[in-house]
Amino acid sequence: MSDEIDSIENPKKKFIIERQPNPHLWQKLQEQWNGTEESRLQAMETIIARIRELPEDADQLLISISKTGSLLMKRRMAVILASKPSIPWGLWLDLIQNLGEEDDLQVKESVDPLLQPYRQLAESIKTWQERVIGSIPKNLFSSIASQQAAIQKALAPMEEVQRSIQTFFQLNLPTEQISKTLESLAQIQIPRVQLPKGVLDSIGLVSQYHNLAYGNIARLSPSYYPPEEEPLSAIASDHPLIIRLRGLPPGQETWPEYQKLCQEILSFCFVPPLLEPMYEESTESGIHRRDVIYHIPHDASGFWSYVKTAHSALAVIVDAKNYTGILPKNQIVITSKYFGPKKLGNFGIIICRKGLDSSGNKELADRWIHHDEMIVCLTDDDLEEMVGLKLAGEDAEYIVDRKIRELRSTL
C-alpha cells in the first residue's frame with residue numbers, strides 16, 4: 001500500500017507526494033502513447049509507477065483512461081490500483097471512482113472492494129443527516145428561514161428585527177431533543193477512510209461560516225439568559241469563601257490575597273465547564289500582567305458558548321483590583337490592553353470591592369461600542385450572590401450575564 005493510502009491506518013504519513021518532473025521521460029511517454037494498444041498499456045503502467053517524476057498532466061491522462069479508455073486498459077488499471085501503487089491519494093480515489101462506473105465484471109471485482117469503505121461512509125453520513133433533520137420539528141425550518149431573511153435586511157425597522165430575534169429563539173424549544181440525537185450519533189459505525197483534502201477544506205469553511213453566522217446572530221441578543229428567568233438568590237454569607245472575602249480588608253497590602261481569593265471563588269463557580277485557570281501570566285512585553293485566565297473549551301455549550309461566539313473569546317480574562325474606594329476609570333483602560341482579535345478575544349471580568357463611578361461605567365460602554373470589548377465589573381456582593389446560586393444548584397453565570405444585559409440596556 002502506498003504512503004498515501006497507508007495514511008488511512010497511519011495518519012502520520014503524508015497524503016501528498018513530492019514531485020520532481022522529468023521532462024525527457026514525459027516526452028518519451030507521450031510518444032509511446034501515440035503508438036499501438038500494447039505501447040499505450042506500457043505507457044500507462046510506467047506513468048503509474050513513476051508518477052513522482054511526471055507533471056500533473058500525467059494525472060489527467062490517467063483520469064481520461066479511467067473514463068474513456070479501452071476495456072483492456074481499464075481492466076489493467078483496476079488491477080494495478082488494487083495493488084495500492086504509490087500515487088497521490090486523491091488521484092487514486094478519482095480513478096477507482098471512475099472505474100467503479102464500469103459494468104465489466106473483471107473491473108468490478110478489482111475496484112468494488114476498494115470503494116466499499118467509501119460507500120459505507122456515504123451511508124453513515126446519510127443516516128446522520130436523516131437522524132438530525134428528523135429530530136427537528138418541521139415548523140422550525142420556516143422560522144429559521146424567516147429569521148435569516150429578516151436579519152439580511154440591513155435597513156429593516158428595529159421592530160421587525162426584534163420580531164425576527166424572537167422567532168430565532170424558538171430554536172431553544174427542541175434543544176434537548178436535538179442534543180439527545182447528537183449523542184446517539186456516536187453509535188453509528190463510520191469506516192476509517194481518508195477524505196480528499198478538498199472535502200476537508202470545505203468542511204472547515206462551512207464550520208467557519210457557521211461560527212461567524214452564529215456569532216453575528218448571538219450579538220443581537222443583549223444577554224444569554226432571558227430577564228424573566230432570573231433565579232432566586234440563595235444565602236452564601238456563611239460559606240468559607242465568603243467569610244474570607246468579607247474579612248479581608250482592601251488595600252495594597254492584601255492585594256495578592258484578594259487576587260487569589262477571587263480566583264478561588266470563580267473556580268468554585270465556573271470550573272468546570274471552564275478550564276482550570278492560569279494565574280499571573282505575563283504578556284509578551286512583560287509589562288502588563290493578567291491576574292487570571294480561564295480558557296473556554298472548544299466544546300463549550302450554554303452561556304460560555306454564547307460568550308465565545310458573541311465576543312470572539314478564547315478565554316475569560318479576569319483582573320482583580322483590591323482598591324479601597326471606587327475603581328478609577330484608568331484601571332479599565334489598563335485591563336482592555338489584554339484584549340484583541342490576535343490575543344485571547346474581547347471578553348473580560350474586572351473584580352473590585354465597591355464598583356465603578358459614572359466615568360468608569362461610561363468607559364465600559366465606550367469599550368463595547370467603539371472596540372467590541374465586553375468588560376464585566378463584579379463587586380464583592382456579586383461574588384457572594386454567585387456562590388449562593390452555585391450552592392443552590394443554579395447557574396452562577398447568570399450574574400455575569402445580567403451585568404452584560406445591564407450594560408447593553410443603557411446604550
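Predicted model: local features only at pLDDT ≥ 70, side-chain atom pairs only at ≥ 80, totals over all residues.
The expected span of a helix is 1.5 Å times one less than its number of residues. H18 has 13 residues and reaches 18 Å from its first C-alpha to its last, close to the 18 Å expected. It's also a helix that is mostly covered, with 10 of its 13 residues buried. Among those buried residues of H18 are Glu397, Tyr398, Ile399 and Val400, along with Arg402, Arg405 and Arg408. As background, an α-helix has 3.6 residues a turn, so residues three or four places apart point the same way.

Across the chain the mean pLDDT is 77, and 68% of the residues reach 70 or more. Confidence is lowest in helix H1, residues 3-6, where the mean is 36, and highest in H12, at 94. There are also stretches to treat with some care. Over residues 154-158 the pLDDT stays under 50, and the model has two contacts there beyond four places in sequence. Residues 168-174 also stay under 50, with nine such contacts.

Now for the strands. Take strand E3, which covers residues 315-321: seven of its seven residues are buried. In a regular strand the side chains alternate between the two faces of the sheet. In E3, one side holds Ala315, Ile317, Asp319 and Lys321, the other holds Val316, Val318 and Ala320, and both faces are covered.

Which strand runs parallel to E3? That's E4, residues 347-352, joined to E3 by five bridges.

Ala315 and Ile293 are 22 residues apart in sequence, yet their C-alpha atoms are 6.5 Å apart in space. Ile293 is found in strand E2, residues 289-295.

Next, the aromatic rings. A pair of aromatic rings is described by the distance of the centres and the angle of the planes. This model has nine aromatic pairs. One of them is Tyr224 with Phe303, an edge-to-face pair with 6.1 Å centre to centre and 70° between the planes. This pair links distant parts of the chain: Tyr224 is in the loop between helix H11 (197-220) and helix H12 (240-247), while Phe303 is in helix H14 (residues 302-310), 79 residues apart. Are these two residues buried or exposed? Tyr224 counts as partly exposed because its relative accessibility is 33%, whereas Phe303 is buried because its relative accessible area is 3%.

Phe303 has another partner, Tyr225. Their ring centres are 6.1 Å apart and their planes are at 20°, so this pair is stacked. Here too, distant parts of the chain are linked: Tyr225 is in the loop between H11 and H12, and Phe303 in helix H14, 78 residues apart. Tyr225 counts as buried because its relative accessibility is 10%.

Step back, and these rings belong to a group. Tyr224, Tyr225 and Phe303 form one aromatic cluster with Phe270, Trp304, Tyr306 and Tyr398. Tyr398 brings us back to H18, where it is one of the buried residues.

One more ring is worth a look, this time at Trp33. Arg40 lies over the face of Trp33, at 4.7 Å from the ring centre.

Methods. Residues numbered from 1 in each chain as written. Heavy atoms only, no water. Buried < 20%, exposed > 50% of the residue type's maximum accessible area, 1.4 Å probe, protein only. Helix = DSSP H or I, 4+ residues; strand = E, 2+ residues; numbered from the N terminus. Pairing = 2+ DSSP bridges. Phe/Tyr/Trp six-rings, centres within 6.5 Å; stacked < 30°, edge-to-face > 60°. Lys NZ or Arg CZ within 6 Å of the ring centre and 35° of its normal. pLDDT = per-residue confidence, 0-100. Contact = heavy atoms within 4.5 Å.
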